[in-house]
Amino acid sequence: MKYTKNCFASDNYSGIAPEAWAALEQCNTGFADAYGDDDWTLRASNQIREVFDTDCEVFFAFNGTACNSLSLASMCQSYHSVLGHHLAHIETDECGAPEFFSHGTKLLTMEGENGKVQADALAKLITKRSDIHFPKPKVLSLTQSTESGTVYTADEISELAAICQHHGMNLHMDGARFANAVASLNVAPSAISWQAGVDVLSLGGTKNGMAVGDAVVFFNKELAHEFEYRCKQAGQLASKMRYISAPWVGMLQDDIWLKHAAHANAYAAQLGQRLSEIDGIELLNEVQANGVFVTLPPATTEALRAKGWTMYDFIAEGGVRLMCSWATTQAQIDDFVADVVAAA
Ligand SMILES: *Cc1c(COP(=O)(O)O)cnc(C)c1O
């Protein structure tokens, strides 16, 4: 397969997975009811209920920023706060959208090893203040898999959920890469979502191989009250919804979404392993999903960039991030590793 050297920059640099593409073509016949009242959207929603083995409320939006910020807004008043890891996408990469859509709900962040929120840090932040002068903690938002390429186990999520429950808080999960976590842990999607205490999940489709479209899944159905109005008001209700929802049908059937995620994870594992064997290169985090975070000698980074390789360095503090996707190939890995070796 032909590729360009920006193939590891991010998983959204990839194209559309064939199954998503095929579903788009399939849905492109005749007329269909608009605004989500079509059969494809019903099928996609039902498939999500099946995948999660529970009766949840499902909404489709254009991207993850919308899913996160609208679902957080649905749980918060303007005087509340949302707690999360300091590297959380909602904090670093959504241009204040969660605060904007919630009319001022404040994000409070904490440090945590391996990109994960730790129970003691969470408890400390929740109980830091209880007076009227401080925004009241209302939601914990966890990213699964994390911004550091690690994965929360079901037990870790349950432990954090118990703390939230104790304090009357809800648990939100930013699952832009939820598929990679499911594939990595080899568990049922329910085990690391509602069964572990997650109330609302932003379920990513784009980085998994779709063109556009992420979903909000409310396991706690009460929280979905009037959510459709939020989507519409925010410009997130697609009128030709079938083109957003049909790819979900294509991707969810026969666990294809997990097959693609496992493919991305396996190549990331291989890339991490091979890079870590090279002198002067160290993994910043264990590779548990589809991202590899490594420190490279500055001269190596420079040489790679000169050869055209694109790498993000703003997330991996002091290193670079390499993302694999459904479209990653052995040749891409081999070429990159060869160029690293040549530059070292
Ligand atoms: C990509 C991503 C999102 C969604 O980003 P959009 O650009 O809004 O689609 C959300 N959370 C995380 C952790 C992501 O990596």
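Predicted model: local features only at pLDDT ≥ 70, side-chain atom pairs only at ≥ 80, totals over all residues.
Residues are numbered from 1 along each chain as its sequence is written. Local features need pLDDT of at least 70 and side-chain atom pairs count only at pLDDT 80 or more, while totals for chains, interfaces and linings use all residues, and side-chain values use heavy atoms, with hydrogens and water left out.

**Stop 1: a helix pair**

Select residues 119–127, helix α6, and residues 154–166, helix α7. Helices here are DSSP runs (H or I, at least four residues) and strands are runs of E (at least two), numbered from the N terminus. Two packed helices are described by the angle between their axes and the distance between the axes. For α6 and α7 the angle is about 15° and the axes are 10 Å apart. That makes α6 roughly parallel to α7 (under 35 degrees; angles run from 0 to 180 degrees between N-to-C directions). The crossing of α6 and α7 is right-handed (the near helix is turned clockwise from the far one by less than a right angle).

Now show side chains. On α6, the contact is made by A119, L122, A123 and I126. On α7, pick E159, L160, I163 and C164. Contact means heavy atoms within 4.5 Å.

**Stop 2**

Step back to S145, in the loop between β4 (136–143) and α7. Check the peptide bond between Q144 and S145: it is cis, with omega about -10°.

**Stop 3: two positive phi values**

Go to C95, in the loop between α4 (89–92) and α5 (97–101). C95 is not a glycine, yet its phi is positive, about 55°. C95 counts as exposed, at 84% relative accessibility. The classes are buried (under 20% relative accessible area), exposed (over 50%) and partly exposed (in between), using a 1.4 Å probe and protein chains only.

Next, select D255, in the loop between α10 (242–252) and α11. D255 also has a positive phi, near 60°, in a residue other than glycine. D255 is partly exposed, with a relative accessible area of 44%.

**Stop 4: helix α13**

Finish on residues 330–343, the 14 residues of α13. From first C-alpha to last, α13 reaches 20 Å, close to the 20 Å expected at 1.5 Å a residue (1.5 Å times one less than the number of residues).

Which residues of α13 are buried? Colour Q332, I333, F336, V337, D339 and V340. These residues cover an arc of only 160° around the axis, which puts them on the same side of α13 (the arc uses directions from the helix axis to the C-beta atoms).

Conventions. Parallel < 35°, antiparallel > 145°, perpendicular 65-115°, else oblique.
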